[in-house]
Amino acid sequence: MCFALAVLALAYASSASATIRYEVSFSQPETHIFHIRMEIPGVSPDETIAMPAWNTLYQIRDFAYRVRDVEVARVSGDGAVPHFTVARKLDKQDWSLDVSTDGRRIAGSGTDYVVTYSILWDEPGPFDSQLDEHHAFINLAEILMYVPDRRSENAEVDFEDVPSGWQVIAELPRGSRENSFTATSYDALVDAPVEAGNWDEFEFDNDGAHFRVVVDSHDWQKGLLRDALQRITGYELHLMGGPPFQEYTFVFHIGPYSDVGGGMEHMNSTAIAAATTSGAAAIAAHEFFHAWNVKRIRPQSLQPVDYSKEQYTRALWFAEGVTSAYAAYTLERTGLWSKKQFYADLASQIADLESRPARKWQSAEESSLDAWFEKYDDYNLSDRSISYYEKGQILGEMLDLAIRNATDNRQSLDDVMRRMNDEYAKKGRYYNDSAGVLRAVNEISGKDFSDFFRRYVSGTEEIPYDRLLGIAGLELKLETLPDGTLAGKIAEVPHAYARQIQIRDAWLRGVTE
């Protein structure tokens with residue numbers, strides 16, 4: 001459908017459907033510019049449009065600076081071709097839908113509008129977006145504007161001018177056209193990354209869920225990745241009592257040409273970039289657990305998303321750090337890691353935390369609040385900050401041992417996660433940051449863990465590794481290497497007591513008595 005005909009068609013569409021529609025053109029991939037058309041039915045007086053200030057990372061990145069040529073037109077009911085005018089900007093990320101030329105408002109209730117603009121992106125995923133002659137990868141909140149008061153309305157996106165041979169995938173319901181997708185809200189629409197290109201794929205089923213795997217790579221190991229994903233998804237689905245979705249999509253960018261490594265979680269999908277297939281699989285263990293922890297087991301402080309400014313939470317040590325703990329558990333419990341690798345990973349996290357002087361004054365909660373500083377290089381120095389990923393993983397694994405010790409190995413952190421899944425995720429409720437986690441821990445253990453949280457979560461007291469690791473008959477050794485770096489090693493204590501061995505074996509296997 002040509003642009004003019006599409007605009008005329010909007011004039012006859014019923015605004016009662018209240019669907020905000022987007023068209024995204026890939027017409028000039030070599031320019032790295034997405035051309036966007038946004039159709040907004042039933043515009044009310046003083047309505048505005050906005051570009052998110054952040055997404056995927058806890059960083060204000062002001063995507064609006066990439067936007068150009070914003071124009072708006074009112075669509076009349078007589079079928080006349082609309083007249084576009086330059087949209088009036090209100091601040092760095094908001095525009096008015098007022099198309100008057102003489103100072104008088106001409107928008108009225110029931111009026112339909114079309115907005116057009118272009119946006120430049122040429123940065124590889126999973127945290128950014130990119131359009132080039134090879135492919136398109138899109139985090140939709142980085143290219144699509146929204147109507148602030150109408151985020152709950154149905155939304156649809158249609159990808160146009162798709163190069164020959166490309167496929168388009170997103171974990172969203174298909175729309176009425178070949179490359180279109182629908183969602184029940186703007187938030188749901190932008191919580192699904194889009195990959196377009198000539199990629200490899202495979203599918204599998206596990207525990208009642210269907211999985212799609214898309215791989216953009218020149219050199220990857222299909223058998224290794226398939227086996228790893230089947231183990232990872234199988235274990236985590238079993239751990240959490242089954243899938244909270246019918247279908248889930250993994251998008252991988254694998255190879256040394258991947259400039260940015262890491263993964264980004266979404267409600268029913270994830271996007272992952274890694275240099276190797278084994279590295280991609282390890283990241284998948286973390287990102288897939290996010291399908292529960294943070295996407296469904298979610299702190300109230302992050303709900304609903306506020307795209308316009310920083311959104312502070314004290315719970316990233318749990319949302320991210322404890323997710324890292326479960327990535328390590330999953331890799332070890334499925335045999336993708338050896339016991340030695342699991343110990344080495346935990347020792348490495350401890351050594352890095354202990355090498356950072358900032359641990360003496362920045363708590364896990366404060367590190368969570370300060371996530372918005374991570375875009376500044378100086379903030380990441382060892383005497384300025386700690387990582388809520390690292391300390392959160394350490395706290396998760398130590399808390400697990402403490403719960404097992406307090407309950408005679410009858411309860412564990414696994415039970416806490418399942419309790420929070422039942423009480424929050426399945427009921428559409430949100431937990432109260434660290435206080436909500438503490439409540440679940442106390443309920444599961446039958447003990448009061450307030451002192452643990454006061455000392456090590458909200459406080460900066462040194463974590464008693466000897467005592468906590470000793471529960472499982474383990475010991476930590478830290479050593480300063482000739483280059484000045486701190487190295488750690490966790491080993492099993494010779495002649496450990498039978499009870500220590502029982503707890504250690506249960507901890508490693510993920511079982512209780």
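**View 1. D161 lies in the loop between strands β10 (154-160) and β11 (167-169).** Strands here are DSSP runs of E at least two residues long, and helices are DSSP runs of H or I at least four residues long, both numbered from the N terminus. This is a predicted model, in which local features need pLDDT of at least 70 and side-chain atom pairs count only at pLDDT 80 or more, while totals for chains, interfaces and linings use all residues. Residues are numbered from 1 along each chain as its sequence is written, and side-chain values use heavy atoms, with hydrogens and water left out. The phi angle of D161 is near 55°, which is a positive value in a residue other than glycine. With a relative accessible area of 46%, D161 is partly exposed, a term for values between buried (under 20% relative accessible area) and exposed (over 50%), computed with a 1.4 Å probe on protein chains only.

**View 2. D62 and L57 are both placed in the loop between β3 and β4.** In this loop, which runs between β3 (48-50) and β4 (67-75), D62 has a phi near 50°, a positive value in a residue other than glycine. D62 counts as partly exposed because its relative accessibility is 25%, and L57, at 23%, is partly exposed as well. Although L57 and E374 are 317 residues apart in sequence, their C-alpha atoms are 9.4 Å apart in space.

**View 3. Two cis peptide bonds are shown, one joining G125 to P126 and one joining Q303 to P304.** For the bond between G125 and P126, omega is about 15°, and P126 is found in the loop between β7 (111-120) and β8 (130-131). For the bond between Q303 and P304, omega is about -10°, and P304 has its place in the loop between α4 (277-289) and α5 (316-333).

**View 4. An open sheet of 4 strands has the order β8-β9-β13-β11, with antiparallel pairing.** Two strands are said to pair if DSSP finds at least two bridges between them. Because β8 and β11 stand at the edges and each has a single partner strand, one side of each is left without a neighbour in the sheet. Strand β9 (residues 135-138) pairs with strand β13 (residues 194-197) over 4 bridges in the antiparallel sense, and H135 has G197 in β13 as its bridge partner.

**View 5. Another open sheet has 5 strands in the order β14-β15-β16-β18-β17, and its pairing is mixed.** From one strand to the next, the twist averages 15°. Strand β16 (residues 247-254) and strand β18 (residues 269-274) pair over 6 bridges in the parallel sense, with F250 standing opposite T270 in β18. Helix α3 (residues 222-239) packs on the sheet and touches β14, β15 (209-217) and β16, where contact means heavy atoms within 4.5 Å. The direction of α3 makes about 30° with that of β14, angles being taken from 0 to 180 degrees between N-to-C directions, with axes fitted to C-alpha atoms, for helices over the stretch in contact. Helix α4 lies across β15, β16, β17 and β18 and runs at about 150° to β18.

**View 6. Helix α9 (residues 413-425) packs with helix α10 (residues 433-445) at an angle of about 115°.** The axes of α9 and α10 are 9 Å apart. Among the residues of α9 that meet α10 are D415, R419 and Y424, and their counterparts in α10 include G436, R439 and I444.
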